[in-house]
Amino acid sequence: MSHGPPTGLAAVSSALLAMSRHLEVRDVLKTIVASARELLDAQYAALGVPDDHGGFAQFVVDGVSEAQWKAIGPLPRQHGVLAAMLREAKPQRLADVRSDPRFEGWPSAHPDLVDFLGLPVRDGDEVIGALFLANKNCPKPEGTCGFTQDDEELLGILAQHAAIALTNARLYERSRELTIAEERSRLAHELHDAVSQKLFSLRLTAQAAARLVDRDPSRAKGELQQVAVLAAEAADELRAAVVELRPAALDEDGLVATLRTQVQVLDRAHSARVTFTCHGVRALPAAQEEAVLRVAQEALHNALRHAEADRVDVTLDRRGCGAVLRVTDDGSGFDPRTVRRAGRHLGLVSMRDRASGVGGRLSVESEPGKGTTIELEVPGG
């Protein structure tokens with residue numbers, strides 16, 4: 001049965017409106033997949049986006065219960081059905097996907113797929129993913145596909161919107177990286193110019209004082225006082241630059257929103273699943289908020305770059321007037337007893353310094369092959 005234009009259009013329209021309300025790419029993809037399944041009246045719908053390492057950057061399904069999903073097991077490292085569709089890069093409408101040699105190797109607990117409709121998701125000439133549906137809910141004679149040409153066209157519209165959502169997410173990530181890089185570069189120049197000049201003057205004045213010590217002690221004393229003044233000015237310049245390095249978003253949005261945004265950006269940028277949950281945290285003094293953010297950034301960097309984790313969970317919970325940050329990963333882990341060697345490499349020294357600087361406490365739990373948990377507790381105001 002083909003969809004009549006009013007219901008089809010109205011449903012597509014409401015699906016697209018729902019998408020435009022979501023800025024988070026995963027939410028957009030979920031809406032697209034759920035809309036595709038509903039609009040085309042299919043039992044299952046999925047959208048897969050490969051990453052560069054043989055895994056999935058995104059994989060979203062609709063029509064599979066939580067229990068079924070657990071039974072199916074982890075996502076395959078190879079792309080299976082997705083790989084075949086990415087290679088062919090053209091619509092696939094099949095009466096029985098099980099009998100097609102290209103689509104093999106389903107996990108035993110995977111739902112039984114019969115008739116099948118799949119479309120590539122394109123960004124210009126590049127195929128960046130695939131959207132597919134299975135098991136149309138309609139009477140169909142044995143050996144025929146329930147999905148129609150109309151269904152294919154409708155799915156084509158949704159595939160285009162999936163491409164827009166994914167492209168926007170990529171662009172957002174790139175522009176954010178560029179902005180951060182430009183800002184760091186500008187501050188580095190300013191810091192270098194201001195502090196270099198002060199340190200140069202400091203060196204000349206100290207040299208002058210050294211030459212005068214024996215010959216003219218009172219003038220040497222004057223020069224040394226000048227050394228003290230210049231050193232204080234250099235320290236002020238440095239402090240002012242460090243304050244400027246405090247993330248603007250922290251002042252504008254507060255700790256919770258800033259952390260949530262950073263986690264969302266990392267979740268998009270990496271194949272690992274990065275999550276953030278927060279319970280009842282109040283605003284903290286500026287120094288505490290900055291310490292929590294910096295420790296979270298360092299721990300996330302370690303988990304994603306060094307530990308090669310598949311999953312990183314960040315939680316922030318209220319504790320008394322203060323808060324507890326926990327960053328847990330399922331990565332390679334390490335032996336904290338050998339931390340003297342690994343400590344500098346993993347930024348643990350700077351994390352401990354940040355914690356003690358605001359009266360906080362940092363603990364590290366890890367063992368090789370068992371992942372890592374970093375916990376920071378900070379007091380309130």
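This is a predicted model: local features need pLDDT of at least 70, side-chain atom pairs count only at pLDDT 80 or more; totals for chains, interfaces and linings use all residues.
Close-up 1. An α-helix has 3.6 residues a turn, so residues three or four places apart point the same way. Just after α10, Gly-359 has a positive phi of about 70 degrees.

**Close-up 2. The largest nonpolar core.** This core holds 35 residues, and Leu-316 and Leu-325 have the most contacts inside it. Among the elements that give two or more residues to the core are α7 (248-269), α8 (286-306), β7 (311-319), β8 (322-329) and α10. The most comes from α8, which gives nine residues. Leaving aside residues up to four places away in sequence, Leu-325 touches Leu-259, Val-292, Val-295, Ala-296 and Leu-316, among others. A second, separate core has 30 residues, including Ala-45, Val-49, Leu-119 and Val-121.

**Close-up 3. Strand β4 and its pairing partners, β3 and β5.** Strand β4 covers residues 116-123, and six of its eight residues are buried. With β3 (residues 92-94), β4 pairs in the antiparallel sense over three bridges; here Gln-92 stands opposite Gly-118 of β4. Strand β5 (residues 126-136) also runs antiparallel to β4, joined by eight bridges. Arg-122 has Val-127 in β5 as its bridge partner. Two residues lie between the strands of the β4 and β5 hairpin, where Gly-124 takes a positive phi near 65 degrees.

Note on methods. Residues are numbered from 1 along each chain as its sequence is written. Side-chain values use heavy atoms; hydrogens and water are left out. Helices (H or I, at least four residues) and strands (E, at least two) are DSSP runs, numbered from the N terminus. A nonpolar core is a set of buried Ala, Val, Leu, Ile, Met, Phe, Trp, Tyr and Cys residues joined through side-chain atoms within 4.5 Å. Buried means under 20% relative accessible area, exposed over 50%, partly exposed in between (1.4 Å probe, protein chains only). Contact means heavy atoms within 4.5 Å. Two strands pair if DSSP finds at least two bridges between them.
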